Amino acid sequence: MATCMEGLEPGHTPLPCGGFVYDLAIPDACFSESCGLIVDFRPNVLTGDETDVETNMRALGNAAGFVVVQPNSTSGRDAASRDRIFFDALIVALDIDTNRVHVGGGSTGGFQTWHFICDHADLIASAAPHASGRSNAPNESCDFTKDRSPAEQVDILISHSRYDNRVRFERGTDQLDLVAQSWDLAVDQVLIEEDDYTWTRWTNDIGTVVEFLEFDWTKPNGYGHCYPGGVGPAGCSPDNPVHYGEAALAFYLAHPKNEAIAAVETGEASAEIIISGFSFGEPITVAVGDTVTIRNDDSSAHTWTSDSDLFDSGSLAKGEEFTFTFEEPGEYSFYCEPHRSMVGTITVTG
Ligand SMILES: [Cu+2]
């Protein structure tokens with residue numbers, strides 16, 4: 001298996017290994033510095049290339065400092081274990097940051113993600129299974145029983161269409177219920193509630209986060225087994241307010257394995273938050289009276305919006321800035337209006 005790694009090169013490389021092809025997208029920088037890893041499992045009717053049309057994960061992940069792999073391998077529990085061997089070799093070969101390994105995928109790729117959550121939780125920081133859920137096949141279900149349960153809890157973004165014609169919506173909610181019961185999760189927050197979609201956040205005492213995005217979007221033929229925001233034949237519609245790949249990436253960035261708090265020196269006259277790769281970066285600490293400048297370095301527009309209505313930058317295009325001066329000590333949480341998985345906290349000391 002290690003010999004497969006001899007073909008690693010920057011850019012998009014279909015890498016043959018063990019009889020399968022792993023579509024790899026590796027930013028130049030990842031050969032000289034430690035990057036994260038995103039696995040984007042494909043539906044069985046799509047290749048890695050076709051999957052990328054719907055998820056755009058190569059471009060999104062690469063821009064945010066991730067190696068992206070889209071395996072063209074078989075599905076199922078054994079396949080997940082075999083893919084794990086490939087990923088482990090890749091992690092060593094590229095010195096991947098093991099706090100930033102994430103898996104996701106739609107349909108068959110979603111079930112594959114559940115296999116991974118169940119059997120390889122030690123490897124992953126967070127996951128984004130889409131259009132998948134409880135399996136009916138014997139020995140193929142990550143049913144959270146004693147025989148088949150993750151060794152540790154991971155943060156998960158689950159998405160599912162209420163009009164899914166291939167994997168019924170109830171299978172998604174059944175799986176959510178299994179996770180919620182096993183990990184003592186309860187709804188903590190309704191992040192978004194619109195006519196055509198609802199996004200909830202579930203948490204427990206030890207800080208595990210499971211988010212559930214349910215939506216009404218379908219393809220023009222009314223079938224809901226599709227990627228939100230996807231532009232190809234397996235996409236729901238480019239007009240959807242949520243894009244699966246963007247939502248998964250934002251969730252991954254918000255949920256690394258060790259959510260270390262990096263506090264900057266306090267008492268500085270000013271501090272800066274840079275929005276980049278759908279992330280506000282590490283939490284920061286400032287002193288009362290400090291002015292915080294926020295700048296958007298992404299080509300997508302973002303907002304810096306306080307949970308408590310204290311501040312709101314409005315929509316910031318690329319390169320735009322907004323400043324705010326904190327007059328009271330406290331912990332201030334914030335989010336991005338169009339990308340609710342983009343969240344952060346600023347601590348103001350007295
Ligand atoms: Cu945003």
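1. In this predicted model, Val 67 touches Leu 24, Ile 26, Cys 30, Cys 35, Leu 37, Leu 94 and Ile 96, with residues up to four places away in sequence left out of the count. Val 67 and Leu 37 are also the residues that touch the most other members of the largest nonpolar core, which has 84 residues.

2. The element that gives the most to this core is helix 6 (residues 244–254), with nine residues. Because domain 1 (2–254) and domain 2 (270–349) both give residues to the core, it lies between them. As a general background, nonpolar side chains in soluble globular proteins tend to be buried together.

3. The centres of the two domains, taken over C-alpha atoms, are separated by 28 Å, and 14 residues of domain 1 are in contact with eight residues of domain 2. On the side of domain 1 that touches domain 2, strand 8 (186–193) and helix 6 are the elements that give two or more residues, and helix 6 gives the most, with seven residues. The residues of that side divide into 11 nonpolar, one polar and two charged.

4. Within domain 2 (270–349), strand 13 (residues 291–296) pairs with strand 11 (residues 270–275) in the parallel sense over six bridges, and with strand 15 (residues 321–325) in the antiparallel sense over five bridges. Thr 293 of strand 13 stands opposite Glu 272, while its bridge partner in strand 15 is Thr 323.

How values were computed:
Residues are numbered from 1 along each chain as its sequence is written. This is a predicted model: local features need pLDDT of at least 70, side-chain atom pairs count only at pLDDT 80 or more; totals for chains, interfaces and linings use all residues. A nonpolar core is a set of buried Ala, Val, Leu, Ile, Met, Phe, Trp, Tyr and Cys residues joined through C-beta atoms within 7 Å. A residue is buried if 20 or more other C-beta atoms lie within 10 Å of its own, exposed if 12 or fewer, and partly exposed in between; C-beta atoms are placed from the backbone. Helices (H or I, at least four residues) and strands (E, at least two) are DSSP runs, numbered from the N terminus. Domain bounds come from an automatic or database domain assignment. Two residues are in contact if their C-beta atoms, placed from the backbone, lie within 7 Å. Two strands pair if DSSP finds at least two bridges between them. Ala, Val, Leu, Ile, Met, Phe, Trp, Tyr, Cys and Pro count as nonpolar, Asp, Glu, Lys and Arg as charged, and the others, Gly among them, as polar.
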